[in-house]
Amino acid sequence: MANQGAKKRKEENARHISNLLRVIIACNVVYVLVRMIIYRSSFTWKHWIGLIMTSLAYTIPYKQLASMAKPAYTDSGELMDGGFDMSTGGVCGYLHDVIYVTCFVQIASLISEKFWYTYLVIPGFAIYKASGFIKGFLSHDSEGMEEDEKARKKREKLERKASRPKFGKTRTR
């Protein structure tokens with residue numbers, strides 16, 4: 001029963017990566033069939049660029065997620081780690097978002113060319129996150145600012161309370 005969690009994670013990651021691949025292939029097949037066969041008279045060089053751009057937008061995050069989900073083995077071939085948990089947020093969540101936004105853009109662009117503007121959500125969100133990160137570095141410390149009387153008294157009271165010895169109730173027999 002050792003490494004049961006790692007085995008379970010490995011299976012979940014393999015299933016998740018294969019489902020992502022199915023979604024990517026399905027979106028590409030629908031786009032190619034509809035755009036190149038049904039709407040072939042309106043298919044221009046811009047659509048080739050769109051297909052290449054969405055293919056890159058699928059490939060890069062998918063490869064990164066696949067490498068994150070890859071399990072680690074010991075030298076003897078025993079499973080050591082089942083890979084990264086794909087249900088967590090952070091970079092893994094952002095990579096999923098890029099794939100899902102690309103699916104939406106690719107399929108919705110069959111309806112209208114204006115859906116390509118949806119791709120601006122990705123750099124817009126990146127700028128939003130980066131601005132919060134940069135503001136943290138650029139913010140000035142509050143130590144240099146003068147505090148009002150009420151805040152000073154409250155801070156001093158909390159400091160006195162924290163410096164008092166804490167006595168727990170003991171039971172005597």
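1. Let me start with Glu 149 and Arg 152, which form a salt bridge whose closest N and O atoms are 2.3 Å apart. The term is used here for a side-chain nitrogen of Lys or Arg within 4 Å of a carboxyl oxygen of Asp or Glu. Being three residues apart in helix α5, the two residues are separated by about one helical turn. Glu 149 is partly exposed at a relative accessible area of 44%, and Arg 152 is partly exposed at 27%. For these labels, buried means under 20% relative accessible area, exposed means over 50%, and partly exposed is in between (1.4 Å probe, protein chains only).

2. A word on the source before going on. This is a predicted model, in which local features need pLDDT of at least 70 and side-chain atom pairs count only at pLDDT 80 or more, while totals for chains, interfaces and linings use all residues. Residues are numbered from 1 along each chain as its sequence is written, and side-chain values use heavy atoms, with hydrogens and water left out.

3. Helix α5 has another pair for you to look at. Arg 155 forms a salt bridge with Glu 159, and their closest N and O atoms are 3.0 Å apart. These two are four residues apart in helix α5, so about one helical turn separates them. Both ends are partly exposed: Arg 155 has a relative accessible area of 34% and Glu 159 has 45%.

4. Which parts of the chain does the pair of Glu 113 and Arg 35 tie together? The two residues form a salt bridge with closest N and O atoms 3.3 Å apart. Glu 113 lies in the loop between α3 (91-108) and α4 (121-138) and Arg 35 in helix α1, so the pair ties together parts that are 78 residues apart in sequence. Do compare the two ends: Arg 35 is buried, with a relative accessible area of 4%, whereas Glu 113 is partly exposed at 40%. The salt-bridge count comes to four.

5. Now the overall layout. The secondary structure comes to five helices and two strands, and from the N terminus the elements run α-α-β-β-α-α-α. Helices (H or I, at least four residues) and strands (E, at least two) are DSSP runs, numbered from the N terminus. Of the 173 residues of the protein, 24% count as buried.

6. Helix α1 covers residues 4-38, and an annotation falls on part of that stretch. UniProt, in an unreviewed entry, lists residues 20-39 as "transmembrane region". Its positions are in the numbering used here, feature names are shortened, and annotations may be inferred rather than shown by experiment. In the model, residues 20-39 are 95% helix and 0% strand, with the end C-alpha atoms 27 Å apart.

7. Leu 21, Ile 25, Val 29, Leu 33, Ile 37, Ile 38 and Tyr 39 make a nonpolar surface patch of about 630 Å². Patches are made of residues with over 30% relative accessible area and no salt bridge; like charges are joined within 9 Å, and nonpolar side chains (Val, Leu, Ile, Met, Phe, Trp, Tyr) within 5 Å. Areas come from the Shrake-Rupley method with a 1.4 Å probe, and for residues only the protein chains shown count as cover. Leu 21, in helix α1, counts as partly exposed at 35% relative accessibility.

8. Lys 157, Arg 160, Lys 161 and Arg 164 gather in a patch of positive charge on the surface. Arg 160 lies in helix α5 (residues 149-163) and is exposed, with a relative accessible area of 52%. Lys and Arg count as positive and Asp and Glu as negative, with His and the chain ends not counted. The place of a charge is taken as NZ of Lys, CZ of Arg, CG of Asp or CD of Glu.

9. Finally, some contacts across the sequence. Ala 26, partly exposed at 40% relative accessibility, is 77 residues from Cys 103 in sequence and 9.3 Å from Cys 103 in space, C-alpha to C-alpha. Helix α2 (residues 45-69) holds Ile 60, which counts as exposed at 59%. Leu 65 is also found in helix α2, but counts as buried at 0%.
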